[in-house]
Amino acid sequence: MSTWEPVIGLEIHVQLKTETKMFCRCRNGFGGEPNTQTCPVCLGFPGALPVPNRRAIEETIKLGLALDCEIAERAVFHRKNYFYPDLPKAYQISQYDEPLCSHGKLAVPTPDGEPVIGITRAHLEEDAAKNIHVAASGRIRGATATLVDFNRGGTPLVEIVTEPDIHDSETAKRFLQLLRQTVVELGLSDAELEKGSMRFDVNVSVRPAGSDELRTRTELKNMNSFNFAAKGIEREIARQIRVYEEGGTVEQETLHFDPAHEESPPMRSKEEAQDYRYFPEPDLVPVHPPEDLVDRFRTEIGELPGARIRRIADTLSFYDADVLVTGGLDRLWSAVVDAGADPKEAANVLANQFVATGTDVSAVDAGELAKLVQARAEIPRAAFDEALAKVGEAGFSADPYLAQKVVADASELDPVIDRIIEANAGQAAQYRGGKHGLLGFFVGQVMKETGGKADPRVVNERVRAKLG
Amino acid sequence: MTVDTLRLTAEETNGLLTRKEASSDEIYRAYLEAIDARDEELHAFLHVCDDDPGEGIPIAVKDVIGTRGIPTTAGSKILESYVPVYDATVIERCRARGLRVIGKTNTDEFAMGSSTENSSFGPSRNPWDPSRVPGGSGGGSAAAVSGGLAPWALGSDTGGSIKQPAALCGHVGLRPTYGTVSRFGVVAFASSLDQVGPVAKSVRDCAFLYSVIAGRDENDSTTVDVPAVELPRNHDLKGLRIGVPTEMNDDAPGIEPGVRDAVRKAIELAESLGASVDECSLPLSVEYGVACYYLVAPAEASANLARYDGVRFGLREDGADFREMVMKTRDVGFGDEPKRRIMIGTYALSSGYYDAYYGTAQRVRTAIKREHDALFERFDVLVSPTSPTVAFPLGAKIDDPVAMYMNDVLTIPSCMAGLPGLNVPCGLSEGLPVGLQLIGPQFGENTLFRAGHALERALGFDVVPERLR
């Protein structure tokens with residue numbers, strides 16, 4: 001029954017990779033020994049005062065511009081009050097009703113159109129520290145103590161909130177991928193989900209199709225991959241529909257997504273909604289971004305990922321365009337195509353074999369890679385793979401690999417094939433008896449015998465002819 | 001040689017040094033001896049430093065100002081064991097000029113009070129009459145300077161905590177323009193109001209100490225560059241336009257006749273020195289100032305005091321879990337007045353009440369500022385009594401918080417407006433000092449110094465308490 005329409009909104013946190021923290025001069029870095037990147041300010045000692053990080057404000061403005069936001073003429077930091085061990089001042093310096101960026105939008109290219117997702121706001125705040133719950137045994141289960149690592153405390157965090165404009169899990173996933181790529185390209189953050197430098201919460205509700213009401217929503221937290229997010233959203237949509245169809249009501253709650261379990265277990269009910277008692281941070285003065293600076297940033301923003309997907313999808317399939325752009329490969333692809341490679345062939349190589357090598361895109365000489373792509377069919381597979389693995393090395397030249405021609409001449413290959421069929425008479429009989437899956441075995445043997453230099457297409461053809 | 005700690009100003013004490021009549025150590029020891037002799041009675045100090053590095057003269061420091069390696073309790077049990085790992089900017093600046101911290105002075109807990117009776121460690125006493133309060137919250141610094149235990153001191157002022165004790169103890173104190181002196185390292189009470197300032201025996205000392213501590217600090221983003229400080233030398237007040245707000249003088253709520261008369265005489269004296277004097281009015285500021293203050297200050301305090309949770313420093317009481325540990329720590333660690341203000345402030349910021357309380361208070365604050373700004377188009381300074389009363393007996397107001405709050409009715413309005421105020425002792429009433437409050441426009445400290453200096457000379461007030469002469 002498709003009488004229900006999902007309503008999805010996203011809240012994304014991105015850790016900025018500035019040199020120093022948001023309000024002090026401590027290093028902003030991942031992985032230091034616990035509590036080595038701290039000072040009186042980020043530990044909330046008596047008398048310590050925040051001083052805002054100019055770079056963090058500038059980068060938030062850049063992101064705001066990339067998301068088509070209005071940049072505030074006057075932005076204000078607020079205190080958000082609550083007690084928790086990882087929050088040393090017992091308030092987080094955040095933004096409330098006067099954020100740096102608001103009223104933006106991001107168009108998300110999909111195979112069947114381009115939904116525009118409203119960006120409610122993008123604001124700057126400080127991150128909390130990290131709580132580590134330990135038991136006497138040192139294990140997390142049955143924790144008896146909480147240790148706090150303040151290295152992360154006070155690092156700059158951008159929060160992006162969307163309008164509830166998303167209606168399916170696939171668009172939510174594409175939005176997140178596109179946003180991540182935008183953030184990475186702007187140089188704001190590594191936005192790595194595994195390291196927590198990009199985190200997101202999803203608000204989900206459903207309503208009868210055609211209605212414009214907003215029903216009670218639940219919040220999904222702690223999803224560490226885009227695929228899990230899509231899966232979790234689908235699961236929650238299905239659950240809410242089931243609840244309504246069984247005559248029940250959906251409770252407002254936060255659900256911790258655990259991919260190992262079928263259901264999303266509730267973390268905490270929001271029946272007692274927390275009162276954060278926001279008020280303007282009196283230790284800071286309002287931020288007035290200079291107009292000329294904002295204008296300069298505006299001109300510095302290049303073609304954004306969404307636009308590039310759209311452009312490239314004119315040449316390639318939408319799928320290829322999407323993979324290239326959200327994988328950060330499209331600029332290299334363009335360069336390789338400009339250097340003479342076939343567009344489709346180049347896309348295939350980049351999205352598959354090239355990605356598997358883990359090579360740094362910026363280290364690649366596009367001209368040499370173009371030569372390789374074009375010669376792929378004519379050089380031995382082994383030579384191609386080896387060359388691709390080295391394409392990011394300084395001074396790499398494709399020429400020695402191109403010199404290794406593939407053996408496609410049947411008169412050269414036939415004697416080898418005959419020898420192998422003879423040596424494996426048992427398998428040959430089975431093949432002829434109908435076990436055609438053994439074709440691969442024979443092709444593999446021939447490739448091995450020829451040191452990978454045989455053209456697999458010709459070998460295939462000849463083996464089949466001889467066994468047939 | 002003997003150092004007359006009761007009488008010498010900081011400038012005169014420093015003169016002993018420059019003329020090589022006494023060494024820095026001899027001077028420091030002389031003040032330590034004075035503390036030994038008189039602090040048992042006055043209880044001006046919470047901590048006395050046996051020694052402190054430096055080549056200059058000593059300075060006493062209010063215990064809300066963080067001093068590296070020297071306990072800083074803010075008068076609260078919750079910080080009884082706290083020793084800062086860094087110096088406040090004002091301390092760094094004092095040290096850069098060779099000043100040596102002689103001790104940390106008593107204060108109402110977290111600077112919340114007008115008598116030092118809210119200190120977790122017992123009240124200080126007024127050197128003029130030890131049965132009376134020295135004022136607050138900076139009663140410790142006031143008693144130390146008035147009682148000859150330090151040549152000068154640093155105080156902090158949120159709603160009158162420098163000016164009112166100076167009035168009650170008969171010496172000089174400046175609350176500077178908001179934003180001129182760094183708050184970095186100063187235990188916060190109400191961030192948009194707190195200012196550190198000098199406590200001294202003379203206006204010149206006050207001006208000099210202000211020049212040491214004032215100016216932009218990269219660690220406090222609310223600070224600004226300040227005009228160069230001029231040490232006053234003038235004898236007259238020619239051209240000075242003095243405004244006398246009636247609501248703060250003859251019509252002031254709860255004003256004592258002796259206070260009113262002493263201030264009237266000082267104003268007449270100013271006129272004889274060449275100033276022009278005219279009446280004026282601050283109706284909103286006086287009527288709503290205290291109410292407005294008691295929303296804004298507690299609201300900010302409720303957040304500023306939230307960090308005392310037992311996790312990282314100070315007192316920690318055991319509890320079964322985090323929540324219980326925090327609640328027990330704060331219950332045991334905070335006294336009644338911080339608890340009262342945390343509750344008022346939390347309420348004022350609560351969802352559903354914010355607009356009615358905190359929001360309205362902020363709008364009233366803007367109106368108070370405008371009312372003052374308008375007067376400074378016609379006047380160079382405004383004058384009034386600093387406190388409507390002379391020093392009151394210990395215990396007289398401790399059970400009536402509102403009566404205690406009303407003691408600040410005359411100092412609060414200009415604090416809300418962010419303006420500088422100077423207390424100059426102007427006479428006695430019933431044998432106790434009366435303070436004259438001079439309020440200046442934003443960054444008008446030099447004007448206050450000139451006016452205060454000429455009046456001080458002409459008044460000839462003896463800052464040494466009669467019973468100690």
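Colleague: Which residue in β3(B) is the bridge partner of B:I59?

Modeller: The partner is B:V101. Bear in mind that this is a predicted model, where local features need pLDDT of at least 70 and side-chain atom pairs count only at 80 or more, while totals for chains, interfaces and linings use all residues. Residues are numbered from 1 along each chain as its sequence is written, with chains lettered from A and ligands numbered from 1 in the order written.

Colleague: What makes β2 (residues 58-62) and β3 of chain B a strand pair?

Modeller: Strands (DSSP runs of E, at least two residues; helices are H or I, at least four, both numbered from the N terminus) pair if DSSP finds at least two bridges between them. Here 5 bridges join the two, which run parallel, so they pair.

Colleague: How does the chain get from β2(B) to β3(B)?

Modeller: Through helix α3 (residues 89-96) of chain B, in a right-handed β-α-β crossover: with the strands pointing away from the viewer, the path from first strand over helix to second runs clockwise.

Colleague: And how does β1 (residues 45-48) of chain B run against β3(B)?

Modeller: Antiparallel, with 3 bridges; B:H47, for one, is partnered by B:K104.
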